[in-house]
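This briefing is meant for a reader meeting the structure for the first time. Please keep the sequence and the model in view while going through the points that follow.

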Amino acid sequence: MTSKSNLSYRQRAADHPNPLVRKLFAIAEKKRTNVVLSADLTTTKELLAIADSLGPYIAVLKTHIDILSDFGSHTVEGLVDLARRHNFLLFEDRKFIDIGNTVQKQYKGGALRIHEWADIVNASILAGEGIIQALDQTIRDGGSAERGILILAEMTSKGSLAVGEYTRASVEIARKYPQSVMGFVSTRELSSHSPGAAPNEDFVVFTTGVNLSSKGDALGQQYQTPTTAMEGGSDFLIAGRGIYASEDSVAAVKQYQKAGWEAYERRISQNRG
Ligand code: S5P
């Protein structure tokens, strides 16, 4: 078993070579939360309002910046300011999926200028290793900004083709880019199931499709609970509608925070013995 998931965030931070991962673990410990809010709102005003009210309870804010009807520099300024004020990271769920040359332009430039403000982005390896090579190059040329990639190794939607060999290839590619690939978006911990792990390998697992009260939606989404996700080796729980669509979103985020943190504490206490 090479997975470090039974260690505390603090222990993992102490040994981790990637500064952005160390920062993420430090935020989780300080705020006692492993919740990633998937803030799929469609106006800047709504996005910033939810980021402000729920910011104290989350480790990361995940955006789909291209669903905003009024994206502009005020969106970016607002997000960066709130991330600093409430101490959370910004994760743009862009799911890059193209040839390396195109992806570099999408990441660095365009209307959205994602590299400028998003600490974390994700990418699919459908097009092969070049996409990760391209993002890695942009990150390494990008100066002092700490930036990270999550490889989308599995998906939660019904009938997803990101399984088996595809998922294994995601892990293999991740292993080649330790400076910029932080881990995976996946339903469970992957590296201990993939032969060839280095002894110190420590990928961070972000798990989406997390909901306390629903099993899925009408369009193929499939949910698990914070507890089952943490038991499966997840490190950070991505929840969207379960939180922001709830009548009292502050009460909801606190519920997810508590469930996620208690499941994390149970996991690390098993390790102590
Ligand atoms: O496999 C996946 C990967 C992602 S990033 N399944 C997902 O649902 N997502 C994203 O997580 C999706 O794009 C959405 O932003 C969020 C789930 O939202 P929820 O409202 O269903 O919790």
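Alanine 239 lies in strand E8, which covers residues 236–239, and in this predicted model alanine 239 has a relative accessible area of 1%, so that residue counts as buried, the limit being under 20%. Although alanine 239 and alanine 39 stand 200 residues apart in sequence, their C-alpha atoms are 8.5 Å apart in space. Not counting residues up to four places away in sequence, alanine 239 touches Val36, Leu37, Ser38, Val210 and Tyr256.

**Annotated binding site**

- Under "binding site", an unreviewed UniProt entry lists Asp40, Lys62, Thr156, Gln221, Gly240 and Arg241, and the lining of the largest pocket includes Asp40, Lys62, Thr156, Gln221, Gly240 and Arg241.
- Aspartate 40 sits in the loop that runs between strand E1 (35–38) and helix H3 (44–54), and its relative accessibility of 24% places aspartate 40 in the partly exposed class.
- When neighbours within four places in sequence are left aside, the residues in contact with aspartate 40 are Lys62, His64, Ile67 and Tyr244.
- Threonine 156 belongs to the loop between strand E5 (148–152) and helix H8 (164–176); with a relative accessible area of 12%, threonine 156 is buried, because the value is under 20%.
- Leaving aside neighbours within four places in sequence, threonine 156 is in contact with Thr187, Thr208, Gly209, Gly220, Gln221 and Gln222, and the side chains of threonine 156 and glutamine 221 are joined by a polar contact of 2.5 Å.

**Surroundings of the ligand**

- The ligand is surrounded by 16 residues, of which the closest are Asp40, Thr156, Thr208, Tyr223 and Arg241.
- An N or O atom in the side chain of threonine 156 is 2.7 Å from a nitrogen atom of the ligand, while an N or O atom in the side chain of glutamine 221 is 2.8 Å from an oxygen atom of the ligand.
- A polar side-chain atom of histidine 64 lies 2.9 Å from an oxygen atom of the ligand.
- Taken alone, the ligand exposes 490 Å², and the protein buries 91% of that area.

**Annotated active site**

- For "active site", the unreviewed UniProt entry lists Asp93, Lys95 and Asp98, and from this set the lining of the largest pocket takes in Asp93 and Lys95.
- Aspartate 93 has its place in strand E3, residues 89–96, and a relative accessible area of 7% makes aspartate 93 buried.
- Apart from neighbours within four places in sequence, aspartate 93 is in contact with Lys62, Thr63, His64 and Asn122; with lysine 62, the aspartate 93 side chain makes a side-chain polar contact of 2.6 Å.
- Lysine 62 is also listed by the UniProt entry for the binding site, and histidine 64, another contact of aspartate 93, is in contact with aspartate 40 as well.
- Aspartate 98 is found in the loop between E3 and helix H5 (100–108), where a relative accessible area of 31% makes aspartate 98 partly exposed, since the value falls between the limits of 20% and 50%.
- Leaving aside neighbours within four places in sequence, aspartate 98 is in contact with Val103, Ala127 and Ile131.

Notes. Residues numbered from 1 in each chain as written. Predicted model: local features only at pLDDT ≥ 70, side-chain atom pairs only at ≥ 80, totals over all residues. Heavy atoms only, no water. UniProt positions renumbered as here; feature names shortened; annotations may be inferred. 1 Å grid on protein atoms, 1.4 Å probe; cavity = no way out; pocket = protein on both sides within 12 Å on 5 of 7 lines; lining within 4 Å. Helix = DSSP H or I, 4+ residues; strand = E, 2+ residues; numbered from the N terminus. Buried < 20%, exposed > 50% of the residue type's maximum accessible area, 1.4 Å probe, protein only. Contact = heavy atoms within 4.5 Å. Polar contact = N/O pair within 3.5 Å; in protein donor to acceptor, adjacent residues only side chain to side chain. Near = heavy atom within 4 Å. Areas by Shrake-Rupley, 256 points an atom, 1.4 Å probe, with all protein chains shown as cover.
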